[in-house]
Amino acid sequence: MVEIRWHGRGGQGAKTAALLFADAALAVGKYVQAFPEYGPERMGAPVQSFNRIDDKPILMHCPVKSPSVVVVLDPTLMASINVTAGLGKEGTLIINTGLDAAEIKKSVKFDGKIFTVDASRISEETIGRKIPNTPMLAALVKVTGMLDFDSMLEDTQKKLAKKFAHRPEVIEGNIQSMKRAAQEVKSA
Amino acid sequence: MQKIILAKTGNEAMALAMKQVNPDVVAAYPITPATEIVQIFSQYVADGEVKTEFVAVESEHSAMSACIGSCAAGARTMTGTSSQGLALMYEMIYIAAGLRLPIVMADVNRALSAPINIHCDHSDSMGCRDAGWVHIFSENAQEAYDSMIQAVRIAEHKDVRLPVMVTTDGFIISHGMERIDTLPDAEVQNFIGKYDPLMHLLDVKKPFTIGAINLTDYYFEHRRAMVDAQNNSLKVIKEVGAEFGKKFDTGYGLIEKYQLDDAEVAIVALGSTCGTAKVVIDQLRAKGVKAGLLKIRVFRPFPTEEIAKALENIKTVAVLDRSDSVGGFGGPVFTEIRSALYGSAKRPQIAGFVYGLGGREIDMEQIEGLFMDLKAGKVKADSVSYLGVRE
């Protein structure tokens, strides 16, 4: 079973990213869980959401404490929150940042794999707003190889088409942002 | 029959079940964390996907009042609420049961104020445990979906005719997305059948009075008849659960035993904690610890005999209560089970643990610790303690 923790701020789509990832994993036959941590529900407040993905039914309904992957939607959170809590040396940390890899290595006390991608810039250029969740979802799928990237993209497109039926430009922007994030994500 | 596999939150699953039941009337008022059930259902109404008359009321008291009116008029009626909303319904909750109206309600279990809190515990529905409703708890979104469908059959059964409440754990299940197997609309419709009330107010050929005053002359007899209806529902719940299993592969009973038959130590729990406990039990069994779980699915009617039998060979049992009976000796599940065991010749040592109030998390380490304490004889029999609280 793979456990994932998403860190973001209220409004950045950490919950939606976890839901989209679960939906995409379901589409390829996995058992899934996606759930947010419900605390202060306001724009800008630190929020977390979680995924569990497995090949067999997932029975537990307790918090994710030792994730194998952590995705950080907002790097400014790292000044106040230990985003690597419970993440073992075998784990993977994926950060939305424009900073180069070496700088990140210096500021994060983590020996596992670190990947970076400037998802905020990508989303601004493709969607027109800083909504880093879908490009970070793409980066997650790309670097972990947990799901087939093209199937995930196809499934997400379907889900977005349902949600934004009256705003097709949002769908196209998201898909472009995901393709670019998959190309631009790099190892630190 | 091909099932449709979806990723759904508990709330989405319950709203979907309501859509497929396609009731005549839904009267509801939104409240966290049950809001989505009503919100999603009202979208189905707006989109013309159901033929339901949706009554947007101004309070939960009005919601249950409208449900009582519509159900008495012969309409298949459903609603959903949580916590303070259920508390505000309280007056009408007793009336719904007393008038023997087969209303089906989704209740998302949430703590009661004060202090104000939006997270899970079972205080809200436990507060209604003596009202005459059938209470069905759900471990996960799948069970919530399946039980909402079965609830219609149970409530409307001629030997029961009582309202049924199906609950999920607030946020943990209501807002957690999981994989669930859903049924085609037609299968749900075939399973629940057409509602054919024994009598209803709009039947002008058979006029009758409903809600008449009963003083010392008949009140007691009417309440006594409700006891029979509750007792009858034990059999009906099992029959409906078995038929559901026969048709759709997953059967349901009053309780579920997990690795229990040869267990030395066991816990008893309701709701989502049962899933976590199962994972812990698998891990402990791999280490040679004979641990087991008794999950109570149906809390009203209380399956006294089945539970006493299921626990008779266990050495030590911890009963987990996600609500407290303040000033009583233990939470409601502990009290019921201890009472159920009193008449057994063989019975386990038993201790009560109140946990998880106001959404306080329970994790696998805590459950494992509890099992190990039971095994090591560190749990004092006939004691009540509080798990995971700062004291």
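Student: How are α4(A) and α5(A) oriented to each other?

Tutor: A pair of packed helices is described by two values, the angle between the axes and the distance between them. In this predicted model, helix α4 (residues 133-144) and helix α5 (residues 149-163) of chain A pack at about 155 degrees with their axes 10 Å apart. Therefore α4(A) and α5(A) are roughly antiparallel. The classes are roughly parallel under 35 degrees, roughly antiparallel over 145, roughly perpendicular from 65 to 115, and oblique for the rest. Axes are lines fitted to C-alpha atoms, for helices over the stretch in contact, and the angle between N-to-C directions runs from 0 to 180 degrees. Helices (H or I, at least four residues) and strands (E, at least two) are DSSP runs numbered from the N terminus.

Student: What is the handedness of the crossing of α4(A) and α5(A), and which residues make the contact?

Tutor: The crossing is right-handed; that is, the near helix is turned clockwise from the far one by less than a right angle, with anticlockwise being left-handed. From α4(A) come A:L137, A:A138, A:V141 and A:K142, and from α5(A) come A:F149, A:M152 and A:T156, with contact meaning heavy atoms within 4.5 Å. By class, that gives five nonpolar, one polar and one charged residues. Here Ala, Val, Leu, Ile, Met, Phe, Trp, Tyr, Cys and Pro are nonpolar, Asp, Glu, Lys and Arg charged, and the others, Gly among them, polar.

Student: How many residues of α4(A) are buried?

Tutor: Nine of the twelve residues are buried, among them A:N133, A:P135, A:M136 and A:L140. Buried means under 20% relative accessible area, exposed over 50%, and partly exposed in between (1.4 Å probe, protein chains only). From first to last C-alpha, α4(A) reaches 16 Å, close to the 16 Å expected at 1.5 Å a residue; the expected span is 1.5 Å times one less than the number of residues. Just after α4(A), A:G145 has a positive phi of about 65 degrees.

Student: Which residues of α6(A) are buried, and what covers them?

Tutor: The buried residues include A:V170, A:I171, A:I175, A:M178 and A:A182. Their cover includes β6 (113-117), α3 (119-126), α4 and α5 of chain A.

Student: At what angle do α9(B) and α12(B) cross?

Tutor: Helix α9 (residues 273-286) and helix α12 (residues 364-375) of chain B cross at roughly 60 degrees, and their axes come within 9 Å. They are therefore oblique to each other, and their crossing is right-handed. Residues that meet include B:V280 and B:L284 of α9(B) and B:I367 and B:F371 of α12(B). By class, the contact has nine nonpolar, three polar and one charged residues.

Student: Is B:D249 buried or exposed, and what is its phi?

Tutor: B:D249 counts as exposed because its relative accessibility is 69%. Its phi is positive, about 80 degrees, although it is not a glycine.

Student: How should I read the numbering and cut-offs?

Tutor: Residues are numbered from 1 along each chain as its sequence is written, with chains lettered from A and ligands numbered from 1 in the order in which they are written. Local features need pLDDT of at least 70 and side-chain atom pairs count only at pLDDT 80 or more, while totals for chains, interfaces and linings use all residues; side-chain values use heavy atoms, leaving out hydrogens and water.
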